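Q: I would like to learn how to read the features of a structure one at a time, with the general idea first and the particular case after it. Could we begin with the way strands are paired?

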Amino acid sequence: MSMQTRRSLMLAAAAGLAFAASGAAAEPVNLGVSIPAATHSFMGGINYWANQAKKDLEAKHKDLKITIRTAANATEQANQLQDLSTVNKINALVVFPSSRRR
């Protein structure tokens, strides 16, 4: 995976964190990340670096919880987005939309 792609992933996660932290300084941040499943090498890299960013950011920011969901298709991703909102009670979201249809 290129350095540019890794930087883009970290930037997306940091942007979500900054957005959530700006409005809820006293509250913990629950960041949801929705990405397509690792069906080929590019998405495998995205999944790997998303999980690395999760570890790094949660270690650095103790009031941050990141929930990463991967989906095989758009329908599954839509369902997971709803779950992130209602079940996981996220207050920030990063989405890499799935283009695969069921």
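Predicted model: local features only at pLDDT ≥ 70, side-chain atom pairs only at ≥ 80, totals over all residues.

A: Two strands count as paired if DSSP finds at least two bridges between them. Strands of a sheet pair through backbone hydrogen bonds, in either the parallel or the antiparallel sense. Strand β1 and strand β2 (residues 64-71) run parallel and are joined by 8 bridges, and among the facing residues are proline 36 and, in β2, alanine 71.

Q: How does the chain get from β1 to β2, and what is the handedness of that crossover?

A: The path leads from β1 through helix α2 (residues 41-60) to β2, a β-α-β crossover that is right-handed.

Q: Which other strand pairs with β1, and over how many bridges?

A: Strand β3 (residues 92-95) pairs with β1 over 4 bridges, in the parallel sense, and there glycine 32 stands opposite leucine 93. Taken together, the 3 strands form an open sheet with parallel pairing, in the order β2-β1-β3. The edge strands are β2 and β3, each of which pairs on one side only. From one strand to the next the twist averages 15°.

Q: Where do the helices lie against this sheet, and at what angles to β2?

A: Helix α2 packs on the sheet, where it touches β1 and β2, and its direction makes about 165° with that of β2. Helix α3 (residues 74-86) lies across β1, β2 and β3, and runs at about 160° to β2.

Q: How many helices and strands does the protein have, and in what order do its elements run?

A: The secondary structure comes to 3 helices and 3 strands, and from the N terminus on the elements run α-β-α-β-α-β. Of the contacts in the protein with a separation of 6 or more, 68% are accounted for by residues 24 or more positions apart.

Q: Is strand β1 buried or exposed?

A: A residue is called buried if its relative accessible area is under 20%. In β1 (residues 29-36), 8 of the 8 residues are buried, so this strand is largely enclosed by the rest of the structure. Val29, Leu31, Val33 and Ile35 point one way from β1, while Asn30, Gly32, Ser34 and Pro36 point the other way, and all are buried. For the protein as a whole, buried residues make up 36% of its 102 residues.

Q: What should the residues of α2 span, and which of its residues are buried?

A: An α-helix has 3.6 residues a turn, so residues three or four places apart point the same way. At 1.5 Å a residue, the 20 residues of α2 should span 28 Å, and the end C-alpha atoms of this helix are 29 Å apart, which agrees. The buried residues of α2 are Met43, Gly45, Ile46, Asn47, Ala50, Ala53 and Leu57.

Q: How is a pair of aromatic rings to be read, and how many such pairs are there?

A: A pair of aromatic rings is described by the distance of the centres and the angle of the planes. The count here comes to 1 aromatic pair. The ring centres of tyrosine 48 and tryptophan 49 are 5.0 Å apart and the planes stand at 85°, so the pair is edge-to-face. Tyrosine 48 is partly exposed, with a relative accessible area of 44%, and tryptophan 49 also counts as partly exposed, at 27% relative accessibility.

Q: What does alanine 71 touch?

A: Alanine 71 lies in strand β2 and is buried, with a relative accessible area of 1%. Not counting residues up to four places away in sequence, alanine 71 touches Ile35, Pro36, Ala37, Glu76, Gln77 and Gln80. The C-alpha atoms of alanine 71 and serine 98 are separated by 7.6 Å, although these residues are 27 residues apart along the chain.

Technical notes. Residues numbered from 1 in each chain as written. Heavy atoms only, no water. Phe/Tyr/Trp six-rings, centres within 6.5 Å; stacked < 30°, edge-to-face > 60°. Buried < 20%, exposed > 50% of the residue type's maximum accessible area, 1.4 Å probe, protein only. Helix = DSSP H or I, 4+ residues; strand = E, 2+ residues; numbered from the N terminus. Right-handed = clockwise from strand over helix to strand, strands pointing away. Axes fitted to C-alpha atoms, helices over the stretch in contact; angles between N-to-C directions. Contact = heavy atoms within 4.5 Å. Expected span 1.5 Å × (residues − 1).
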